[in-house]
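Dear colleague,

Please find below the structure that I am handing over to you. My findings follow it.

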Amino acid sequence: MRGHARHGSGTGGLLTPPARLVVALRRMPAAAALALLCATASPSAREPAPARSWAARLVEIDELLAARDFDAAASALAPLLPSPGSSSEPRQQADVLLRLARLHRAQGRHADAEAPLRTASEVYAAVDQPGELGETWRELAGVHWALGRQVDASLTYEQAAHAFARAGRIHDQAGALRSSTYGTRHASRAARQAIRLQALALLAGLDDIEPSHRYARGTLLHDIGDAAFADGRYADADGAYRAAEPLLDADVENRRALSLLLTSRGRLERAHGYPDRARPFYERALSLQQATSYDDGISQTLNALAVLHQLEGRDIEARDLLRQVVERYAGNAPPWRAHLMRLNAAAAMLRVGDVDDAVAALDAYHAAGGDAQLGVIHRLPEVDILLAAGRLTRALAVADALVEGAEQQALAGEFRAQAHLRRATVLQRLARPSAALDDLARASAQWEAMRRTLTASDYVKRGFAEVTARTFYPRYVQALAAARAPLRALDAAELARARAFADLLAQQQADTWRPPTDAEASAAPRWREGEGDRVSSSDVRSELAQRGASLTPSIPPADVAIDSLVSATPLPLDDMRQVADAEHAIMAVYWQGEHETLVWVLRPGADVALHRIAVDAATLRRLVAEGGAPPALTTVRGAPQTPPVRRATRDAGSEARARLHALLIAPFGDAVARQQRLVVVPHGVLARLSFATLVDRQGRYLVERASVRYAPSLTVLQQLRAPSPRQPRPMRAVVVGDPQVPQGLERGGLAALPGARDEAMAVAKTLGTQGIASEVLTGTDASESALRASAAQADIVHVAAHGIISDTHPMTSFLALATSGSRDDEDGRLTAGEVHRLRLHAELVVLSGCRTADGPVTGDGLSGLTRAFFAAGARTVLASFWDLPDATAERLLPAFYRAWQGETAADKAQALRRAQVRLIGQLRRGQITVPTRVGPMAIAEHPALWGGLAVMGAR
């Protein structure tokens, strides 16, 4: 319990009186209890104390207890124990008993501490010492908590708070009020938070002079942050945690409390989808806990590290770690903590397939009364294990209890969502689909409510999207599909896609590129109405401002801080249909499930059709790997030329591409052939697949039957369809080719790109024939600053350069340009993070480089350069899934511009299709050659030469 973060367990020290003596002490009046203690003390304990002052000896004992030198503390305490006929004052006797109780508690002997504390409290009350009385009741409340008497704990903490108020010890009063919220006396979450805010108000304007003062305020802020976290108000939680940290980090005495705060900060990072950022917090917390022998804290942090193992797919390591936690710490932990350890270990056994062991562990947990002692917020794993054991009736009873407990305690956020999700899973197994869908809808509403309270940061929203995409929406979408509710399933799939991306686009279109004002930040909805004692976030925010804390999240160096102030509404179903009608295209919306893949097909003027494809995620990943990025048969951008070999068009990936076509396109292929326009909304690994290269039974590529365009979600597509505001004037273009690579990048293997220079010249010439003026930047002129200045006024931005994509830190992906200065934004790396901050009004951005359409696939879609250019203001991006060959790029891209801007004007996807089909024909006829040492040689037709380019976004 955080209220006792400075106390812990240990071994050795003063001998415990026999159990019958402890019972007798509890029942005796104060004077009789003192006499009995004296009579049973050892002879050395009754020897006269040295001549040092009483106060000095008490200070010495306090210092030894703080240093956790229990043997020395017991030795120093023994001579002070009262003996028959002792001349010590009652107040002095109570001082000794208080320290004796603290020693027992520090050694984990909580039951032995109760009698001395009760006796001391009676003495302090009799002699009217409210400060010491408050300390005694605070210690006694900790004993009640450790012994599982939670109602007693709350009441005794309240008594301590009243005593501290009489003594004028406001920091201690606030701390005792805070601790009173841990028991079961206050069932409402809102009531507990109101008490914490009342305690916070007591400290307003006070200076934190002593370590105990900083402890009181720091732990109070920590608890306020935890309550905000549980309610899904992550912005308030983050601000409260960061306000608390410097307070608790200032003093050695508060290292235990600091360690618990660090664990909470790690949990917040994990909840945002960033387990790699959580680990350093956990490791620092563990180091502090080990240094202070804080076993209870160690068990908490090790449990948190086990959760990280699970998120990383290291389930066996998580199970082994939790087993060690149980073996090492359960025996010395408070009962409720021991039950929690055992339940978490059982859940880890289940995740690695040890069903029998998990069920046996759960049965032992139930037999020991664990379910009665744990709060509902900890009991989610019970449902999973009962389901695995086939005990559906019992699983439903537990799930009902969790949902009911969430309602009674007004819990919200992730726990409430997970409780409804667990019950929905049970109801599905019981063949009650309607009730299951109701629970899933409630869970979705909880996630959406949490999303509305996130920090106005793209970094946070991306992480949250990853959490929901991994933990909830797969079950929700699949359950709706299985329940034959295809339209609701499509709505759910849209909720799960590219939400942070949609928010950025909405912000860009609304022209709200500015940080939030204080008024906007404080006006954001934080608390729901009708929860009893309604508390205000403004109180928390006032305290954070006083502490110099900010609600802006800390961003790692590999990312960038991007304000995301707008919350876009996902496109409703009727609007989705209207988009299909307006685009005159087939919309194929995919969802990659673990055991099957779903595709919703929206056709102009027709009903939505859902196709369930019998292919599991592992098979789909393998097929995309085999057929998605075929090996090039000729030189790629920047690589030395090698003699190409004329060979049959069938290669190792052909079968994979044919299989993918049969799975992903054939169910509605006739409609695609009739419409000749296909818009793909990919999901999961399909975001890396070039659909244009898929082959039907007749051996034809999909691009030979229809144009292909991509969108992260239908909501994003609708946003991009809105015309960008620009003055009526002739179109302008900026064309970059073969920038002078900075020396550092050149040494890293990025060579000059003469083919890219030829491409840029050919593109500029083609645009000129269409009446579009082009500014061409090559060599040293193709710098970051020059591109920024020109791109801001351009309708077309074409960049033929090296593209470097980071799969681990997408914001560091960059286009390699020439340097123009010593600053970071002039170093020759135009990163995705820097692109996000550009202001573009481009109708089209072409990224003619290697893998410029690639990047990590997350819950917010495919991250990388394409997302960045859309967020900066581009309506359409043409990019490449794989390395772009020089031999065909300089032909393909001018042909694309001729088709787009020529007499037979087409939309961009149609233009790319015409250019690709033309190139395929030329390759098949052997009309394209490259020079080699033995003379010109024709290039064999292969998807690697043309299929990597893809149109994304608006028409």
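Does His584 count as buried, partly exposed or exposed, and at what relative accessibility? His584 counts as partly exposed, at 42% relative accessibility. Please bear in mind throughout that this is a predicted model.

His584 sits in the loop between helix 30 (573-583) and strand 1 (586-592). Although His584 is not a glycine, its phi is positive, at about 50 degrees. Most residues other than glycine have a negative phi. Asp128 is another non-glycine residue with a positive phi, here of about 55 degrees. The loop that holds Asp128 runs between helix 6 (110-126) and helix 7 (130-146). With a relative accessible area of 48%, Asp128 is partly exposed, under the cut-off of over 50% that an exposed residue has to meet.

I turn next to the charged side chains. Side chains of opposite charge can pair when their charged atoms come close. The count for the model comes to 67 salt bridges. Arg319 takes part in a salt bridge with Asp320, where the closest N and O atoms are 3.0 Å apart. Arg319 also forms a salt bridge with Asp354, with 2.7 Å between the closest N and O atoms. Asp354 belongs to the loop between helix 17 (335-351) and helix 18 (355-367), whereas Arg319 belongs to helix 16 (residues 315-329), so this pair ties together parts that are 35 residues apart in sequence. As to accessibility, Arg319 counts as buried at 15%, while Asp320 counts as partly exposed at 30%.

A further salt bridge joins Asp363 and Arg391, whose closest N and O atoms are 2.8 Å apart. Asp363 is part of helix 18, and Arg391 is found in the loop between helix 20 (380-388) and helix 21 (392-408); the pair therefore ties together parts that are 28 residues apart in sequence. Asp363 is partly exposed at 32% relative accessibility, and Arg391 is partly exposed with a relative accessible area of 33%.

Elsewhere, salt bridges link several residues into a network. Its members are Arg102, Arg105, Glu135, Arg138, Glu139, Arg169 and Asp172.

The packing of one helix pair also deserves a description. Two packed helices are described by the angle between their axes and the distance between the axes. Helix 3 (residues 54-66) packs with helix 4 (residues 70-77) at an angle of about 160 degrees, and their axes are 8 Å apart. Because angles over 145 degrees count as roughly antiparallel, helix 3 is roughly antiparallel to helix 4. The crossing of helix 3 past helix 4 is left-handed. On the side of helix 3, the contact is made by Glu60, Ile61, Leu64 and Leu65. Helix 4 contributes Phe70, Ala72, Ala73, Ala76 and Leu77.

Finally, helix 34 (residues 714-721) is mostly covered, with six of its eight residues buried. The buried residues in helix 34 are Leu714, Thr715, Val716, Leu717, Gln719 and Leu720. At the start of helix 34, Ser713 places a side-chain oxygen within 3.4 Å of the backbone nitrogen of Thr715.

With kind regards

Terms used: Residues are numbered from 1 along each chain as its sequence is written. This is a predicted model: local features need pLDDT of at least 70, side-chain atom pairs count only at pLDDT 80 or more; totals for chains, interfaces and linings use all residues. Side-chain values use heavy atoms; hydrogens and water are left out. A salt bridge is a side-chain nitrogen of Lys or Arg within 4 Å of a carboxyl oxygen of Asp or Glu. Buried means under 20% relative accessible area, exposed over 50%, partly exposed in between (1.4 Å probe, protein chains only). Helices (H or I, at least four residues) and strands (E, at least two) are DSSP runs, numbered from the N terminus. A polar contact is a pair of N or O atoms within 3.5 Å; within protein, one must be able to donate a hydrogen and the other to accept it, and residues adjacent in sequence count only if both atoms are side-chain atoms. Axes are lines fitted to C-alpha atoms, for helices over the stretch in contact, and angles run from 0 to 180 degrees between N-to-C directions. Angles under 35 degrees count as roughly parallel, over 145 as roughly antiparallel, 65 to 115 as roughly perpendicular and the rest as oblique. A crossing is left-handed if the near helix is turned anticlockwise from the far one by less than a right angle, and right-handed if clockwise. Contact means heavy atoms within 4.5 Å.
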